[in-house]
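Biologist: I am new to this structure. Could you show it to me, and then take my questions?

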Amino acid sequence: MKGHYPSRAMLAGIDLGGTQVRVALARSDGHLVASIKTKTAMLATPQAMVDWAAGEIDRHRGREKVRSITIAAPGPIDIKRGVLVNPPNLPWQNVPLVAMMGRATGAKVQLANDADMAGLGEFHHGAGRGSRNMVYITWSTGVGGGLIIDGKLHRGAHGTAGEIGHMIIDPNGPLDNCGQRGCLEAFISGTALARETGHTAAELFAAAAAGDRQARSVVERAARYMGIALISLTNALDPEIFVMGGGVSRSWALVYPTMIETLRSSPFIKPARRPRLRRARLGDRAGQVGAVEWARINQ
Ligand SMILES: [Zn+2]
């Protein structure tokens with residue numbers, strides 16, 4: 001009797017960051033079998049990046065075919081055309097990454113937003129496991145997010161849903177890079193905090209941890225702004241859980257109490273529908289884990 005053998009074609013996820021490029025290979029059920037990384041600076045051109053990633057995929061796939069590949073990249077990206085437009089951390093413009101990777105590997109290739117993929121990774125394999133409605137927030141040099149609604153990644157009409165950093169907190173606030181005034185990001189991104197204090201965000205958080213009063217008050221104010229954003233997101237989306245990643249989440253003890261206190265201060269959000277707030281679990285692997293998951297979903 002003939003058996004029904006499951007297809008053994010493989011999946012790959014590529015996380016294209018400003019500092020590192022990571023490639024993960026997985027079986028068709030999403031189980032990771034290899035994970036490789038290199039410094040982005042070593043790959044001078046988009047073609048060099050594509051060739052390196054395709055080479056690593058080829059080296060680790062064994063005899064299996066790779067059926068589906070997702071590339072997680074910083075925005076702005078054109079999801080429909082598969083083009084990297086002009087990422088803030090890379091000197092590359094209008095790169096047709098999907099076509100290039102497809103040519104190099106013969107696989108079906110998708111381009112996706114890196115914060116969306118980190119959120120998807122945390123949802124399936126990290127701090128959001130078991131939930132159905134989750135908001136992922138990355139708080140780092142910028143502020144971004146990914147929305148999971150009814151168990152699915154919500155990308156919106158143009159693929160730009162989840163731009164949490166550009167929620168307007170104060171219309172009279174500072175001008176943001178995006179052209180709007182008073183975006184959350186303009187108040188609390190690592191870049192904004194560094195500009196305001198004259199210290200890097202890492203130095204600021206280290207000083208706050210050491211008990212420096214001024215540093216503490218800057219960090220607390222930033223956490224309060226984030227808490228206000230959590231109130232608005234709760235009212236708009238009614239999530240069960242917020243999962244927060246990015247560099248600032250490493251200073252969890254400094255920001256969590258103020259964020260949760262601010263969220264709890266809303267008289268409108270009754271305890272019964274108040275979402276949980278958790279630190280992300282996958283660290284800087286979240287993007288590649290989510291990219292593999294997206295490659296599985298879209299294979
Ligand atoms: Zn903005």
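Biologist: Why is H3 largely enclosed by the rest of the structure?

Modeller: Because 11 of the 12 residues of H3 are buried, this helix is largely enclosed by the rest of the structure. A residue is buried if 20 or more other C-beta atoms lie within 10 Å of its own, exposed if 12 or fewer, and partly exposed in between, with C-beta atoms placed from the backbone. Please note that this is a predicted model: local features need pLDDT of at least 70, side-chain atom pairs count only at pLDDT 80 or more, and totals for chains, interfaces and linings use all residues. Residues are numbered from 1 along each chain as its sequence is written.

Biologist: Which residues of H3 are buried?

Modeller: Among them are Asp114, Met117, Leu120, Phe123 and His124.

Biologist: What distance does H3 reach from its first C-alpha to its last?

Modeller: H3 reaches 16 Å, close to the 16 Å expected for its 12 residues at 1.5 Å a residue. The expected span is 1.5 Å times one less than the number of residues.

Biologist: Which strands does H3 lie across?

Modeller: H3 (residues 114-125) lies across E8, E9 (143-149), E10 and E11, and runs at about 50° to E9. Axes are lines fitted to C-alpha atoms, for helices over the stretch in contact, and angles run from 0 to 180 degrees between N-to-C directions.

Biologist: What is the strand order in the open sheet of five strands?

Modeller: The order is E10-E9-E8-E11-E12, with mixed pairing. E10 (152-154) and E12 (276-279) are the edge strands, each pairing on one side only. Two strands pair if DSSP finds at least two bridges between them.

Biologist: How many bridges join E8 to E11?

Modeller: Five bridges join E8 (residues 134-139) to E11 (residues 241-245), and the two strands run parallel. In one of these pairings, methionine 134 has isoleucine 241 of E11 as its bridge partner.

Biologist: Back to helices. At what angle do H3 and H9 cross?

Modeller: Their axes cross at roughly 80° and come within 7 Å. H3 and H9 are therefore roughly perpendicular to each other; angles under 35 degrees count as roughly parallel, over 145 as roughly antiparallel, 65 to 115 as roughly perpendicular and the rest as oblique.

Biologist: Where is alanine 280 found?

Modeller: Alanine 280 is in the loop between E12 and H9 (286-297). It counts as buried because it has 23 C-beta neighbours inside 10 Å. Leaving aside neighbours within four places in sequence, the residues in contact with alanine 280 include Glu122, Val243 and Ala286. Two residues are in contact if their C-beta atoms, placed from the backbone, lie within 7 Å.

Biologist: Now E1. Is it buried or exposed?

Modeller: Seven of the seven residues of E1 (residues 10-16) are buried, so this strand is largely enclosed by the rest of the structure. Met10, Ala12, Ile14 and Leu16 point one way from E1, while Leu11, Gly13 and Asp15 point the other way.

Biologist: Which way does E2 run against E1?

Modeller: E2 (residues 20-26) runs antiparallel to E1, and six bridges join them. The two strands form a hairpin with three residues between them. Leucine 11 stands opposite alanine 26 in E2.

Biologist: What about E4?

Modeller: E4 (residues 66-73) runs parallel to E1, joined to it by six bridges. Here glycine 13 stands opposite threonine 70.

Definitions and conventions. Helix = DSSP H or I, 4+ residues; strand = E, 2+ residues; numbered from the N terminus.
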